[in-house]
Amino acid sequence: MQKTEIIRFLKRIELFRGLSEEEVKKISIFPTIQNYDSNFILFKENMPRKALYLIYKGEVELFKKTTYGEEKRLAYFREYDFFSEGALLDDYPHSTNARTVDKSVILKISTEDFLKFLEQYPDIARKILSSVSRVISRRMRQTTTRVVDAAAQYISGRTRSEHDLLGDREVPYEFYYGIQTLRALENFNISGVPIAHYPSLIDALALVKMAAAKANYDVGLLDKKITDAIIEACKDILNGRLHVHFVVDVIQGGAGTSTNMNANEVIANRALEILGHEKGEYKYCHPNNHVNLSQSTNDAYPTALKIALINSNTKLIEVLSELIASFKSKAEEFADLIKMGRTQLQDAVPMTLGQEFNAYAETLGEEIDRLKQNAALFLEVNMGGTAIGTGINAPEGYTRSVIRHLRDLTGLEIVSAANLVEATQDTGAFVMYSSALKRLAIKLSKIANDLRLLSSGPRAGLNEINLPPMQPGSSIMPGKVNPVIPEVVNQIAYRVIGNDLSVTMAAEAGQLELNVMEPVIAQSLFSSIEILKNGMTTFMHRCIDGITANKEIMRNMVEQSIGLVTALNPVLGYETCTDLAREALKEGRGIYELVLEKKLLSRKELDNLLLPENMIKARS
């Protein structure tokens with residue numbers, strides 16, 4: 001790379017924008033140029049920071065690993081972006097991991113080289129450090145407020161003027177949303193949870209807008225230049241770059257119009273940058289006239305919601321499958337451990353602990369099919385119906401084209417509803433899917449209840465199993481350890497059941513040609529999915545995987561149980577067995593000794609009938 005190209009590149013980096021041509025030339029001798037293959041780890045969490053990274057070509061993602069090893073993308077960088085700027089201040093360890101997404105060319109300025117530069121050119125270095133401080137401050141503010149608080153958004157003090165139906169407003173220049181989003185921020189300070197909290201919804205909105213742009217190009221409504229810019233902006237969203245600018249509260253009036261306009265404005269302003277214009281210069285790419293072309297909130301929003309729920313359901317099923325595998329593993333581990341089965345909390349007949357855990361695996365396994373079946377209802381969408389399903393302002397051929405592009409972009413078998421007027425007002429699919437989430441939650445809660453009972457004690461309860469101890473259980477009772485993980489699973493279930501009622505009432509509240517309550521439906525469903533995913537992961541790792549069994553306690557309970565008399569029913573009859581059970585209970589004696597004393601059976605016959613291992617399956 002020629003020195004003139006390095007200088008040209010550095011001048012486009014935000015950290016150096018305040019420098020003169022001569023000052024940029026002085027810093028240009030310090031970067032080293034390195035080429036990286038895709039999936040190259042630039043640094044790992046907890047490694048000391050050693051360099052500032054400037055992307056000349058390629059893409060880099062920052063990610064963290066959760067407690068359970070799952071990777072979570074935090075940020076995505078492309079040409080002219082930079083990261084690890086804190087290395088110019090100190091060597092404090094990295095809090096994330098960085099990896100190239102594809103082949104990349106990166107310029108690096110090491111901390112050591114910058115210190116040399118500081119000695120030679122202290123005035124220039126101070127300017128750069130001032131820029132670093134400003135960038136870190138902005139990133140921290142975005143992290144802590146998620147750009148929700150309108151009062152905190154004036155970072156540089158620069159604004160742009162925008163207008164809508166209600167008049168003119170000054171919008172913070174740095175951010176990609178516009179005046180309608182700004183009004184929504186002021187109107188809907190409700191839950192404190194922005195739509196950015198649900199990245200699957202943001203990604204689905206981008207897919208819908210991308211498909212619409214492609215379809216509008218197909219029918220001749222958009223030229224290629226604007227179409228390509230909109231598509232590129234949507235790709236940025238899909239790569240996680242602009243999620244922080246989706247700031248409206250997930251619960252809102254207007255049937256999701258604020259969410260739709262938030263997406264339209266972010267995409268339009270990013271497309272304007274791609275086209276070489278300033279944010280807010282909407283005559284070149286307008287949120288309504290171009291990004292929302294041939295659409296209404298009433299078809300774009302529910303279509304995005306359905307795509308997001310399908311994708312979220314896939315992740316939910318992945319977590320559920322892992323939990324099922326955990327129960328199956330425990331079923332195998334406990335396959336030969338005899339215990340007493342119970343009905344109505346009373347002794348029933350013997351079984352194995354493995355059978356009990358296998359039943360949990362099987363009952364949860366049924367829910368995978370239910371979730372898939374109900375999520376499949378979301379494949380039918382009303383895209384192209386626009387306002388009420390009549391397709392007003394959507395040109396001929398648009399609906400077929402947008403559905404085709406949605407199928408290509410999502411990989412899903414999306415179909416257009418047979419009756420778009422009906423589909424625009426109907427929210428039945430959300431009700432069905434919510435009921436499947438509730439059913440799963442109820443089963444999880446029942447299992448959690450069982451585990452709390454089976455582990456109760458340890459001296460004055462059943463004490464058949466031991467749950468892994470997670471934390472001290474009392475501020476006043478030393479030595480007490482509570483079943484906190486099953487308890488939180490119970491509470492998750494109650495929340496999901498409550499969310500299901502919200503979905504039910506919101507679906508019932510639809511009026512005439514539209515249901516305006518879809519935002520609370522969306523919030524309820526995404527909330528249920530999120531807490532179920534997190535809860536099942538916690539349940540598996542912090543409870544199920546660590547359960548151990550008290551073999552002798554379980555066997556002793558079987559041998560002392562009155563329930564053994566059930567095995568004698570086929571031979572001695574119900575009345576005789578009832579008398580035996582009554583006498584054994586009254587006198588505190590065992591069934592075994594009473595049968596022999598009364599000479600009802602020989603010892604050999606009795607031993608065979610009352611052998612616990614022979615009572616856990618049907619006789620051949």
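**Cores, a pocket and selected residues of the predicted model**

Arg49 counts as buried, at 19% relative accessibility; buried here means under 20% relative accessible area, exposed means over 50%, and partly exposed lies in between (1.4 Å probe, protein chains only). The structure is a predicted model, in which local features need pLDDT of at least 70 and side-chain atom pairs count only at pLDDT 80 or more, whereas totals for chains, interfaces and linings use all residues. Residues are numbered from 1 along each chain as its sequence is written, and side-chain values use heavy atoms, with hydrogens and water left out.

Arg49 is located in the loop that runs between strand E2 (41-43) and strand E3 (51-57). Helices (H or I, at least four residues) and strands (E, at least two) are DSSP runs, numbered from the N terminus. The Arg49 side chain comes to 2.9 Å from the backbone oxygen of Tyr92. A polar contact is a pair of N or O atoms within 3.5 Å; within protein, one atom must be able to donate a hydrogen and the other to accept it, and residues adjacent in sequence count only if both atoms are side-chain atoms. With neighbours within four places in sequence left aside, the contacts of Arg49 (heavy atoms within 4.5 Å) are Ser84, Gly86, Ala87, Asp90, Asp91, Tyr92, Pro93, His94 and Thr111.

Ser104 belongs to strand E8 (residues 104-110) and is buried, with a relative accessible area of 3%. A polar atom of the Ser104 side chain lies 2.9 Å from the backbone oxygen of Asp102. Residues up to four places away in sequence not being counted, Ser104 touches Gln34, Asn35, Tyr36, Lys57, Gly58 and Glu59.

In soluble globular proteins, nonpolar side chains tend to be buried together. A nonpolar core is defined as a set of buried Ala, Val, Leu, Ile, Met, Phe, Trp, Tyr and Cys residues joined through side-chain atoms within 4.5 Å. The largest such core has 119 residues, and those with the most contacts inside it are Ile230, Phe327, Leu451 and Phe539. Helix H10 (residues 297-333) gives the most to this core, contributing 16 residues. A second, separate core comprises 25 residues, including Leu88, Leu107, Val132 and Val135. Leu451, apart from neighbours within four places in sequence, is in contact with Phe357, Tyr360, Ile465, Leu467, Phe539, Cys543, Ile544 and Ile547.

Pockets were examined on a 1 Å grid over the protein atoms alone: a pocket is an open set of points where a 1.4 Å probe fits, with protein on both sides within 12 Å along at least five of seven lines, and lining residues have an atom within 4 Å of a point. The second largest pocket has a volume of about 410 Å³, where grid points are joined across faces, edges and corners and a volume is the space filled by probe spheres set on the points. This pocket is lined by 22 residues, of which Ser455, Gly457, Val481, Asn482 and Pro483 are the closest to its centre. At least two lining residues each are supplied by strand E15 (465-466) and helix H15 (484-508), and H15 provides the largest share, three residues. The lining has 12 nonpolar, seven polar and three charged residues, with Ala, Val, Leu, Ile, Met, Phe, Trp, Tyr, Cys and Pro counted as nonpolar, Asp, Glu, Lys and Arg as charged, and the others, Gly among them, as polar.

Several backbone features were also identified. The peptide bond from Gly457 to Pro458 is cis, with omega near 10°, and Pro458 lies in the loop between helix H14 (428-454) and E15. Asn463 is placed in the loop between H14 and E15; Asn463 has a positive phi of about 55° although it is not a glycine, and is buried, with a relative accessible area of 11%. Gln344, a residue other than glycine, likewise has a positive phi, near 55°. Gln344 sits in the loop between strand E11 (338-343) and strand E12 (346-352) and is exposed, with a relative accessible area of 71%.

Ser434, in helix H14, counts as buried at 3% relative accessibility. Beyond residues up to four places away in sequence, Ser434 touches Asn499, Asp500, Val503 and Leu525. Pro395, in the loop between strand E13 (380-381) and helix H12 (398-410), is partly exposed, with a relative accessible area of 26%.
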